[in-house]
Amino acid sequence: MELGLVELLRAAWIAGTLPILIASLPCSWLGSFHGLVLGLARRGKIMKSSSHHKFTVPQRFFSHFYVVAVVWTTLLLIATWIYAHRMAPIVSEPFFYSDLGSYLAGRSNTFSFHRSQLINSENKFRVWLSVFLLLLMEVQVLRRLFETLYVFKYSPSARMHIFGYLTGLFFYTAMPLTLCCTCAPNVFKFGTSEVTEFIVKDRSSTQAIEFDWWDFVNPFSKLGWCQWIGAAIFLWGWIHQHRCHAILGSLREHVGKVDEYVIPHGDWFEIVSTPHYLAEIVIYAGVVFGSGGADLTIWLLFGFVVSNLIFAAAETHRWYLQKFDNYPSNRVAIIPFVC
C-alpha cells in the first residue's frame with residue numbers, strides 16, 4: 001500500500017510536469033501544443049486577452065483551493081502528529097540523515113545498536129520529519145486562505161479555465177499527502193484502528209487520553225540543522241510572498257476600478273514581474289531542503305511547482321510588456337538576472 005501511494009504521487013507529478021516542459025521548448029512545430037497548454041493555464045488578466053471563455057469559472061474560486069488545503073493539511077497534520085507521538089516517540093540524541101549515511105557506510109561508530117533498531121530509528125525520524133513539513137505547509141495554506149479572502153480583490157470579470165481549477169484542487173490535495181507519503185498508509189491504519197476501538201469499546205473501558213504538550217513538541221528539538229535551515233528558507237519566501245501579495249491587493253483598493261491595472265512597485269517587484277511566484281519557489285525550496293533532499297517524491301513536487309510557475313510567469317511578463325509602454329526594462333519574468 002505504501003509503495004502504491006508513493007508511486008501514484010510520483011506518476012502524478014511527472015504527468016503534470018512533462019506537458020509544461022514540452023510546451024516550453026523553443027520549437028516552432030510545438031506552437032499549437034504551447035497554445036493549448038497556455039489556454040488551459042490562463043487566468044485573470046492574462047485570460048482577458050482571449051475572447052474564448054468557454055469552460056471557465058470565476059477566479060475568486062481560488063478560495064476553494066485554500067479551503068481544501070487548510071482542511072486536508074490540518075487533518076493530515078493532526079493525524080500524523082498523534083501517530084508520531086503514540087507510535088514513534090523520540091528520546092535519543094538528534095538524528096541526522098548524514099549520521100545514518102555514515103553508519104551505513106561504516107564510517108561512524110556513533111550508533112552501537114542492531115540493524116533492526118537502526119531501521120526503527122530511521123522510521124521514527126521520517127515520521128517526525130513528515131509532521132515538521134506538514135506544520136510548515138499548514139502555516140503557508142492558512143496565510144494563503146486569509147489573503148484570498150481579505151487581501152485580494154478579484155475582478156468580477158476575472159476567469160480561469162475549468163482545467164486549471166481542477167488542477168488546483170488536485171494540487172492542494174496531493175501536495176500535503178506528498179509531504180507525509182512515506183508514513184501516510186500507517187497513519188491511516190492507526191487512525192482507523194483508533195476510531196474503531198473507540199466505537200466498539202464502551203466509553204467507560206476506553207483508556208483516557210493524557211496530553212503532555214512537551215512530549216508533542218520536544219521531538220522537534222531532535223531534528224537536524226538541515227530541517228532548521230530549510231525552515232529559515234521557507235520563512236524567507238513566506239514573508240516576501242505575503243509582502244508581494246499585499247502590494248498586489250493594494251493596487252485595487254477602489255472596488256470601482258477593479259478592471260484597471262497599474263505597474264506594481266516594492267519589494268521583489270523591483271527586480272522581477274512575478275515576485276509572488278518567485279517567493280513560492282523559495283518556499284518549496286525550503287521544504288525540499290528541510291526534507292533532507294532524499295525524497296524523490298518531494299523533488300518531483302518541487303519540479304512541478306517550478307515548471308508551472310516559470311511557465312505562468314513568462315506569460316505574465318509578456319502581458320506587462322504589451323500593456324505598459326513604460327514598463328521597467330530591468331525586470332525579468334521570475335528568476336532575478338536570468339529569465
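Trainee: What should I know about the model before we start?
Mentor: Residues are numbered from 1 along each chain as its sequence is written, and side-chain values use heavy atoms, leaving out hydrogens and water. The model is predicted, so totals for chains, interfaces and linings use all residues, while side-chain atom pairs count only at pLDDT 80 or more and local features need pLDDT of at least 70.

Trainee: How many helices and strands does the chain have?
Mentor: Helices (H or I, at least four residues) and strands (E, at least two) are DSSP runs, numbered from the N terminus. From that end, the elements run α-α-α-β-α-α-α-β-α-α-α-α-α-α. The totals are twelve helices and two strands.

Trainee: What share of the residues is buried?
Mentor: Buried means under 20% relative accessible area, with a 1.4 Å probe and protein chains only. C226, at 16%, counts as buried, and so does C181, at 1%. Of the 339 residues in the chain, the buried share is 45%.

Trainee: How many disulfides are there?
Mentor: A disulfide is a covalent bond between the sulfur atoms of two cysteines. Here the rule asks for a pair of cysteine sulfur atoms within 2.5 Å. The closest cysteine sulfur to that of C181 is in C180, 7.2 Å away, which is too far for a bond. By this rule the count is zero.

Trainee: How far does helix α7 reach from its first C-alpha to its last?
Mentor: Helix α7 covers residues 162–179, which is 18 residues. The expected span is 1.5 Å times one less than the number of residues. For α7 the expected value is 26 Å, and the helix comes close to it, reaching 26 Å.

Terms used: Buried means under 20% relative accessible area, exposed over 50%, partly exposed in between (1.4 Å probe, protein chains only).
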